Amino acid sequence: MAVVQLDREDHHPENGFVSPDPTSPGLLTRIDGSVLPFLGGFGKYQKQLIVLTWIPALFIGFSQFSDNFLLAQPNNTCVQPRVNLTHSNLSAPGHSSLLDGPKNGSGARPAHMYANGSYGIHNDTSMQCWCEEWTFELHTGLVHNVVTKWSLVCKSAWKVHIAKFSLLVGSIFGYLVFGVLADWFGRHPVLIISVMFMLVFGITLSLYVLRIELCLPGWRFSMTMVASFVVLGGQLLMPGMAYLCRDWQVLQAIIICPLLLMLSYIWIFPESLRWLLATQQYGRSKWIMGHIAKKNRVNMELDADNILTELQRALQNKPKKTCIVKMVGTRNLWKNIVVLCVNSLTGYGIHHCFARSMMDPEAMETTMFHNFYADYYTMAGIAVASCMALCPAVGLMGRRGGLLMFMIITALASLLQLGLLNLLGKYSGHLNIDSSGSLNKNFSIAFSIIGMFSSHAVSNLSIFFCAEITPTVIRGGGVGLVLASAGFGMLTAPIMELHNQKGYFLHHIIFACCTLICIICILLLPETRYQPLPETLADGECYTRQPLLPPRKPGEQRLLLAQSESSRDYTRVHDTPLHEAAATAVSTMDSTASSAVDLTAQSVGDMTAPAFMEVHPVKPEVKDPNGHSRSSLSTDPPHGTGERQHHTGQQRAPAVFHSSTQSTVRHRPALSRR
């Protein structure tokens with residue numbers, strides 16, 4: 001009873017306890033269980049809105065992978081060197097290639113595809129770029145791009161990496177800011193503002209959150225994966241788009257202009273009903289509920305749960321909006337979000353490291369295919385295979401089990417790539433293995449492909465998992481945090497390219513250790529499969545961690561702490577050995593006290609017996625230390641015989657102690673008179 005009583009007491013917020021809001025209506029906060037089924041469930045209108053979120057995903061895919069073409073480094077050849085070069089400079093070995101044109105194709109310097117898919121030049125540090133005019137040759141299908149437009153090669157190549165770095169930094173801040181705005185002003189205003197200013201990060205965030213909040217628990221993952229496949233479709237179609245456009249400006253226009261059609265979403269796409277109900281904006285919620293019921297052809301008069309009645313009573317409530325900063329006042333929610341953010345950062349960061357390891361920029365060839373399109377479609381094929389494997393894995397093992405499995409594969413790929421290759425090089429002579437390096441290279445490519453496959457799945461699943469765990473009132477900020485963490489992981493690409501480093505320490509030490517830490521932390525996450533989305537901070541705190549494996553028996557309690565622990569039956573506690581020993585001790589004390597009363601009565605004599613019996617007419621049955629009854633030495637008066645028969649065995653023990661005390665007090669005056 002004490003445990004139950006503690007739960008009913010008022011908790012103070014200083015320990016991170018988030019108490020549920022007692023004023024919020026019950027049915028209106030159970031959106032997945034009451035409101036959406038009342039409006040037709042995942043009806044025709046919701047499916048139409050989901051399709052509207054898929055269409056922009058194709059152009060988002062174009063935008064995400066356009067850097068591989070717009071910022072690709074071409075093969076460059078100097079046509080006109082600088083005038084101030086002396087004859088000695090021109091005859092130097094380092095500058096001979098500046099004046100000589102390509103001979104049999106050997107004059108063009110080989111390009112190398114970086115981890116993000118863009119080609120770069122194998123720079124020779126001994127060569128000085130004293131050139132006025134260049135000729136460029138692109139391998140991406142475009143005739144001109146940003147690099148050829150402003151001759152961002154040689155000593156100016158660093159500007160390309162700075163541009164990529166600045167783009168990622170802007171996206172990180174955009175995710176954070178627009179996530180907070182989506183929680184404060186709504187998903188619909190953020191979507192429209194992002195479309196008006198062509199902010200791809202804002203469109204991505206708002207559409208992702210809207211898609212999650214439109215679906216019932218059984219449809220969330222499948223609808224999200226369809227959107228991921230649409231984005232990958234944009235990646236696969238991007239080379240064909242570049243080949244047809246031929247010019248980088250035309251390509252940009254084709255990517256951006258269709259997004260302007262999303263301005264029609266001002267009238268087509270409504271505000272998220274889930275967010276309106278969670279923030280207690282019941283006036284707008286009532287209108288949207290009527291609109292959804294009309295589109296789904298649902299008769300709202302058949303209101304068995306009295307949802308409309310409760311909504312009418314709650315119209316006077318004031319809206320209550322929450323910022324993501326209040327996440328720090330929780331016990332479990334902030335830990336779950338931080339764990340998933342670290343998973344997202346590790347997944348995207350180590351994905352680039354695996355890609356760079358597969359396409360070593362120090363080698364003279366890019367990969368085993370030696371072609372830009374082959375390399376590009378290899379990476380796209382790995383991403384498609386990862387998403388295809390993610391669907392059955394999550395369906396069988398859930399969100400937490402699938403994330404744990406792919407993270408373990410990522411860690412093994414990184415550790416085996418580090419340890420196994422070193423062992424092969426060390427013991428190649430003892431094992432009669434070819435030590436020329438081809439075997440090591442093949443093993444490195446194989447482990448890199450496996451690592452890219454699993455890390456891509458980790459990245460996608462971490463974002464989706466965070467969107468499910470985060471409550472509706474702060475879901476925009478939570479998704480913004482995990483997407484910003486992914487941006488921090490992608491920052492490793494331009495930084496490593498800027499310094500022309502392989503990232504050996506970052507890959508095999510930093511990110512490998514992060515994968516091991518993530519494996520441990522994933523076990524602390526709750527499972528959200530088939531669970532309703534949390535609406536408030538208190539709902540997010542109610543998600544409890546369950547065992548990773550299902551229970552063996554159907555009726556076994558799955559929670560770590562069963563709720564029935566506080567209602568145990570203690571009625572048979574007297575059967576314990578401790579209670580039996582205590583009962584024997586009490587019986588022995590009763591017998592000893594009775595014997596003391598009899599001996600005191602004998603020493604006083606016959607004169608004190610009537611005085612004692614007058615005060616206490618009830619005389620208990622006397623027992624010896626062995627528990628057998630014996631006759632009293634004193635004579636009982638006749639009038640006390642009937643009263644003694646009314647006393648039970650349970651009343652004898654108190655009577656004995658009281659009688660002995662009173663007899664001592666009464667007998668002292670009698671002894672003094674003698």
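Where is the place of Y530? Y530 sits in the loop between α23 and α24 (537-541). Helices here are DSSP runs of H or I with at least four residues, strands are runs of E with at least two, and both are numbered from the N terminus. This is a predicted model, in which local features need pLDDT of at least 70, side-chain atom pairs count only at pLDDT 80 or more, and totals for chains, interfaces and linings use all residues. Residues are numbered from 1 along each chain as its sequence is written, and side-chain values use heavy atoms, with hydrogens and water left out.

**Overall chain**

- The protein chain holds 28 helices and 4 strands.
- It has 674 residues, of which 45% count as buried. Buried means under 20% relative accessible area, exposed means over 50%, and partly exposed lies in between, with a 1.4 Å probe and protein chains only.
- Contact means heavy atoms within 4.5 Å. Among contacts in the protein chain between residues at least 6 apart in sequence, 81% join residues at least 24 apart.

**The α18 and α23 pair**

- Two packed helices are described by the angle between their axes and the distance between the axes.
- Helix α18 (residues 333-358) packs on helix α23 (residues 504-522) at about 145°, and the axes lie 10 Å apart. Axes are lines fitted to C-alpha atoms, for helices over the stretch in contact, and angles run from 0 to 180 degrees between N-to-C directions.
- The crossing of α18 past α23 is left-handed. That term applies if the near helix is turned anticlockwise from the far one by less than a right angle; clockwise gives right-handed.
- On the α18 side, the contact uses V339, V342, N343, L345, T346, G349, I350, C353 and F354. On the α23 side, it uses L506, H507, F511, C514, T515, C518, C521 and I522.
- The residues of this contact divide into 12 nonpolar, 5 polar and no charged. Ala, Val, Leu, Ile, Met, Phe, Trp, Tyr, Cys and Pro count as nonpolar; Asp, Glu, Lys and Arg count as charged; the others, Gly among them, count as polar.

**Helix α23 itself**

- α23 has 19 residues and reaches 26 Å from its first C-alpha to its last, close to the 27 Å expected at 1.5 Å a residue. The expected span is 1.5 Å times one less than the number of residues.
- A kink of about 30° is centred on F511. The bend at a residue is the angle between axes fitted to the seven residues ending there and the seven starting there.
- Its buried residues are H507, H508, F511, A512, T515, C518, I519 and I522.
- An α-helix has 3.6 residues a turn, so residues three or four places apart point the same way.

**Q417 in α19**

- Q417 lies in helix α19 (residues 372-426). It is buried, at 4% relative accessibility.
- Not counting residues up to four places away in sequence, Q417 touches F354, S357, S444, F447, S448, H507 and H508.

- V160 is in helix α9. It is buried because its relative accessible area is 2%.
- Leaving aside neighbours within four places in sequence, V160 contacts L71, Q73, V147 and L152. The C-alpha atoms of V160 and Q73 are separated by 8.9 Å, though the two residues are 87 apart along the chain.
- H161 is also in helix α9 (residues 158-184). It is buried, with a relative accessible area of 8%.
- Beyond neighbours within four places in sequence, H161 contacts P494, E497 and L498.
- Helix α10 (residues 187-196) is mostly covered, with 7 of its 10 residues buried. They are R187, H188, V190, L191, I192, S194 and V195.
- The cover over these buried residues includes α9, α11, α14 (265-268), α15 (273-278) and α21 (475-490).
- In α11, 14 of the 15 residues are buried, so the helix is largely enclosed by the rest of the structure.

**Positive phi and exposed sites**

- C154 has a positive phi of about 55° although it is not a glycine. It is in the loop between α8 (146-150) and α9, and is partly exposed at 23% relative accessibility.
- Y530, also not a glycine, has a positive phi of about 60°. It counts as exposed because its relative accessibility is 60%.
- W287 is in helix α16 (residues 282-295) and is exposed, with a relative accessible area of 61%.
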